[in-house]
Amino acid sequence: MSSQETEEHIYDDDFDLKEFISVIWKGKKFIVFISVIVSLITTIFVLQIDDYYISEALLIPSEETSNRAQGVSSLASLAGIDIGSGSPDKTKEALAVLTSRKFVVDFIENHNLAVPILATKGIDRESGELIIDDEIFNTKTNTWVKEPNISEAYRIFISEHYSVTSDILGSGLITVRIQFISPDLAKKWTDMIVEGINKSFKEKEIIEANRSISYLNTKLEEQNLTLDLKKVLYQLIQEQTNLLVLANGREEFMFRTVDPAYVADRKAGPLRSVYVILSFCVGAMISIFSLFLAFYNNRKIDLQRKFPWAVVNKI
């Protein structure tokens, strides 16, 4: 057989399982070496990541609030009056507000959360105090070195720290979740969000109810009102008064807490062992691919010179 035919024969042969096993076996030290190196690099990297904790509150919509809102809306429709009661489905509205940009931005600004969101670089595990980056925020003068960007704070908060989920089975349960490197702050922020959404709807309902009562009293002063219409107007005033009493007498106006937020005693992540195992597998795949690339290009992997202990026989 000529040299040209031999070369063609080498490149035309089908894949052989024995060759596959042989290449891996001959390069086993190289595979292990690369995998260990990749794993070590990953380990160093993941050790720099702070542990994070999750605190969450399980909420359920207040049925009384929703039912009264629907009742007022129905009575107003019968009377042909628009009293601006808003959406009859308060639960969907509240869920939309919880995830809205305005609510989140107002929450960040009202509670001065731009510093922990934008300027935190770590946490002191002994004291539980956040470590602030002095290149971003000067803690001595309590001033920003770099002007804070509220849009950036919003994006980071939404993508890394805050989430709201609703039960897909239709039970109405809503979970508000905060993830942060400080378990105490995670719990505190969760409580503040629940308090904030209830306070927001409570204040809105009080303003709307007072405005509606004022409007209905004005309508009652009009002449030529039928007895039935007056009766409906008085019923509407009574319903709005009941809403005022409910709003003023209940702290959890929109959502009732089924399971309150807690201070987590165990970290939620990062899963360092998983990252290291995955990196080992990636290193193994990269090294095996390198071996087969050399094999199918009829080249010798010269590890004798670079890694004296990682000897790969001629392939």
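## Overview of the chain

Of the 315 residues of the chain, 35% count as buried, a term that denotes under 20% relative accessible area, with exposed meaning over 50% and partly exposed the range in between (1.4 Å probe, protein chains only). This is a predicted model, in which local features need pLDDT of at least 70 and side-chain atom pairs count only at pLDDT 80 or more, while totals for chains, interfaces and linings use all residues. Residues are numbered from 1 along each chain as its sequence is written, and side-chain values use heavy atoms, with hydrogens and water left out.

The secondary structure comprises twelve helices and eight strands; helices (H or I, at least four residues) and strands (E, at least two) are DSSP runs, numbered from the N terminus. Among contacts (heavy atoms within 4.5 Å) between residues at least 6 apart in sequence, 75% join residues at least 24 apart.

## Strand β7 and its partners

Strand β7 spans residues 174–180, and five of its seven residues are buried, so the strand is largely enclosed by the rest of the structure. Strand β1 (residues 53–61) runs antiparallel to β7 and is joined to it by seven bridges; S55 has I178 of β7 as its bridge partner. Two strands are taken to pair if DSSP finds at least two bridges between them.

T175 belongs to β7 and counts as buried at 15% relative accessibility. Leaving aside neighbours within four places in sequence, T175 is in contact with E56, A57, L58, S163, V164 and T165.

Helix α11 (residues 272–296) contains L291, which is buried with a relative accessible area of 0%. The C-alpha atoms of L291 and F30 are separated by 8.9 Å, although the two residues lie 261 residues apart along the chain.

## The largest pocket

The largest pocket has a volume of about 310 Å³. Of the 13 residues that line this pocket, F103, D106, N110, G196 and S200 are the closest to its centre. Helices α6 (101–110) and α9 (183–220) are the elements that give two or more residues to the lining.

A pocket is an open set of points on a 1 Å grid over the protein atoms alone, where a 1.4 Å probe fits, with protein on both sides within 12 Å along at least five of seven lines; lining residues have an atom within 4 Å of a point. Grid points are joined across faces, edges and corners, and the volume is the space filled by probe spheres set on the points.
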